[in-house]
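Please read the following report alongside the sequence and the coordinates.

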Amino acid sequence: MTATIIIPQNADQNSELESHPQLENKPEISPESEPKKVISLEDFLVRPAGRMEWVDGNLVEKTGITFKHGLAQSKLSSYWRNYKNSSGQGGEVVTEVLCRTNKQGRRPHVAYITSELLPESGNFTAFSQSFPLIAEVASPKDSGEELFAKAQEYLESGCLEVWLLFPEARLIFVNAGQRWRLFNADEVVNTQSVLAGFRLAVSELLA
């Protein structure tokens, strides 16, 4: 005898759905990221982070240092320091020390501060204005337009003379507040208004 089994309509489908329930694709809910802490320029100048500048409310690390970049920075700081000692003009030469401009908190690659502007304590976290003489060394990652804008920022904030060094091109631009002067590799660069009398062959500095 053959038994006949009657299966209700859609029974297999319902059974399959019960044994394999469909999973809804719900979007994952991730916790909200913590808001970035915004630090004021005043707080940054009191408690500065290493190798950081304060630019338009953001902390920006100075990067892109190459061997030529570091060598030019080291050479210029040594030449300026030796000359201010031998000439008896006093003051101090520093590298990447924080100063406050009219807009930002900057760390010039090399800077000279006169003895008249040195605080009596001989120590400070950030200089209250741009240093009188400043040099920035262009790295491959630097934009020329940004460097010249930074130089103008220094000049508007108490700096009397800015040097921009381009080691790859072996060029130096100097501005003492009026116009830019260009010194090529076969020329001798000299100070215009600060650290009077300093002269150096561009080829010696940017070998």
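Contact means here that heavy atoms lie within 4.5 Å. Among contacts in the protein chain between residues at least 6 apart in sequence, 55% join residues at least 24 apart. The model is a predicted one, in which local features need pLDDT of at least 70 and side-chain atom pairs count only at pLDDT 80 or more, whereas totals for chains, interfaces and linings use all residues. Residues are numbered from 1 along each chain as its sequence is written, and side-chain values use heavy atoms, with hydrogens and water left out.

The secondary structure of the protein chain comes to five helices and 12 strands, where helices (H or I, at least four residues) and strands (E, at least two) are DSSP runs numbered from the N terminus. Of the 207 residues, 35% count as buried, a term that means under 20% relative accessible area with a 1.4 Å probe and protein chains only, against over 50% for exposed and in between for partly exposed.

**Sheet and helix**

Six strands form an open sheet with mixed pairing, in the order β3-β6-β7-β8-β9-β10; two strands pair if DSSP finds at least two bridges between them. Its edge strands are β3 and β10, each of which pairs on one side only. Within this sheet, β8 and β9 run antiparallel and are joined by five bridges, and Leu165 has Ile172 in β9 as its bridge partner. Helix α4 lies across β7, β8, β9 and β10, running at about 160° to β8, with axes fitted as lines to C-alpha atoms (for helices over the stretch in contact) and angles taken from 0 to 180 degrees between N-to-C directions.

| Element | Residues |
|---|---|
| β3 | 92-94 |
| β8 | 161-166 |
| β9 | 171-175 |
| β10 | 180-183 |
| α4 | 144-155 |

**Lining of the pocket**

Helix α4 also gives the most to the lining of the largest pocket, with five residues, while β1, β2, β7 and α4 each supply at least two.

**Arg107**

Is Arg107 buried or exposed? Arg107 counts as buried because its relative accessibility is 10%. Arg107 is found in the loop between β5 (105-106) and β6 (110-113). Leaving aside residues up to four places away in sequence, Arg107 touches several residues, including Pro48, Glu53, Lys62, Glu96, Glu136 and Tyr154.
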